[in-house]
Amino acid sequence: MAVLEIKDLTKDFGGFVAINDVTFSLEKGEKHAIIGPNGAGKTTFFNLITGHLEPSRGSVDFEGKPITGMPPHKIVRLGLARSFQRINIFPRMTVYENIQTSLIARDHKHFSMFSPGAAQNREETRELLDLVGLDTEALEIAGELSYGKQKQLELAISLAENPSVLLLDEPTAGMSPQETNEAIALVDEIAKSRGLTLLFTEHDMSVVFGIADRISVLHHGELIASGLPEEMRNNPEVRRVYLGEGDDAAA
Amino acid sequence: MGWNMPRGVLFTCIVVLVALALIPMADSRYLIDISTEIMVYALFALSLNVIIGYSGNVSFGHAAYFAIGGYTNAILLTTYELPLIVAFPAAVLASGLAAAFVAYFCTRLTDIYFAMLTLAFAMLVWAIAFKWRSVTGGDDGFVGVTVPEFIDGRVPFFYFTLITVTLSTAVLWMICHSAFGQTLVAVRENITRAGFIGVNTRLMRGAAFAVAGAFAGIAGAIFAMYNRGVYTESAFWPESAQVLIMTLLGGMYSFFGPAIGAAALYLLERFANEYTEYWPTVLGVILLVIVLVLPEGLVGLFKRVKARMVGGR
Ligand SMILES: Nc1ncnc2c1ncn2[C@@H]1O[C@H](COP(=O)(O)OP(=O)(O)O)[C@@H](O)[C@H]1O
Ligand SMILES: [Mg+2]
């Protein structure tokens, strides 16, 4: 069953077509990677799906319901969460509060003016901190964490929403190889234990081929190929795009 | 319960409250008047900070809600001869609803556009107060406000103000430290991300604006009785600017900062007026100092000094 059904999706930035007529579906339970060179339109694609940008044309259905043009907060409520390529946290709150607030929002308690904020979802906040390995940093100011840790926090904030489908935009960008391995092992494990459907973009091909069940290739805003990892590895068009770019060609 | 006020803050609050409660013992009209006015301005500034410090928007028109609270209370008490128990809550409700109405429009915008629209609505309130002479008294002001007997007198009124401001501040503190208040900080910190954790950020900012308006209305309603009158100036932009400066001077990232700023600016103005005719110049300098040296206000300065003394660096 497809949880995301995308038809003819197009985004025109005043003449520059960043996403061009993309038709795509995401199957329940799969781990699907979107790859493509820088500027291919991966982030724009995510922005269109999650309501951050309005499409110029086309439609997005989530679990059979049209969500095109819905504001992000409504889409998140349906169970479609995302993380961001560029760090997007609450920088002057503590790490703990970052996650706790996300849980408050998930439980619709963000309009409760007479229940103490600090007392909400304490256990679950701790559990999430443990899960992403930020337990010792709980009381630090989020914006002062190392880059890799902020990325972990970014992930935890998204997980707190308890999504059924999670979109991760370059979850390991800027991480050291060791941090990358840890982060990916974690994502993989969480996806398994929570039965998450995962759509992610990633520049590190060893990561992509390590965890993806299916891979789609975006190039100049167009979806040029989609299939199993071994099909993609041998797809001549994919090889051409990547060979043309130089790096990652060996993968 | 789960409401944890830091020990030091709680202790300071108690000391300040006890000190205030003892002020009438000094038997000085001057001291009682000054403290009554400072309490009113402190609540006014604290209410503005729900918008500024917590929701991350700037209002240039907060005086409008102070004025609406003042006029409503004055008119209901005097023209309609209603008891305080009706007039006062009605005044607070009127301010809150007016603020909710304005927020409906302002929250479509952010940053300077939001601020300019709050100013525009405040000018509208001022114009109504000015033109609707039969109800508001126009530019003569609404004079001769009926003050209920039980608080008619300097000392009883002082205690009425002390109790009302204390209770209001306690409720405001709870709101700011509630699940709502914490989420509001998240909206201030990163409005985009707040949307992506499932928060309707426009509604949150609107709710903050309405709460702020209601509490400004409380301050205004007290002030109308204290002065036995309400004047169009109370809705005029310099009044909005003054409370904004109070808030920034005290420090917008601390709950009590604005109250400290209100006291500081009020006392500075009093003393400056005794020694010079150049209060506007002094005010300009204060503003420059805030912007250039004290972006987190007096509370920020205090924290920095404390950190330096403790850290030994
Ligand atoms: N808001 C925008 N306005 C104009 N152009 C944009 C905007 N967002 C992205 N683009 C352009 O769209 C293209 C795709 O960008 P992006 O989606 O970030 O690619 P990727 O994530 O694959 O690196 C780039 O050329 C980028 O400059
Ligand atoms: Mg990108």
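## Basis of the model

Residues are numbered from 1 along each chain as its sequence is written, while chains are lettered from A and ligands numbered from 1 in the order in which they are written. In this predicted model local features need pLDDT of at least 70, side-chain atom pairs count only at pLDDT 80 or more, and totals for chains, interfaces and linings use all residues, with side-chain values resting on heavy atoms and with hydrogens and water left out.

A:Thr43 has a relative accessible area of 26% and A:Gln85 one of 27%, and both count as partly exposed (between 20%, under which a residue is buried, and 50%, over which it is exposed, with a 1.4 Å probe and protein chains only).

## The interface of chains A and B

In this interface 31 residues of chain B are in contact with 38 residues of chain A, contact meaning heavy atoms within 4.5 Å. B:Gln182, B:Arg193 and B:Phe196 supply 29% of the area that chain B buries against chain A, more than any other three residues (buried area is the accessible area, with a 1.4 Å probe, that two parts lose on being put together, summed over both).

Two salt bridges are counted between the chains (a side-chain nitrogen of Lys or Arg within 4 Å of a carboxyl oxygen of Asp or Glu). B:Arg193 forms a salt bridge with A:Glu154, where the closest N and O atoms are 2.4 Å apart.
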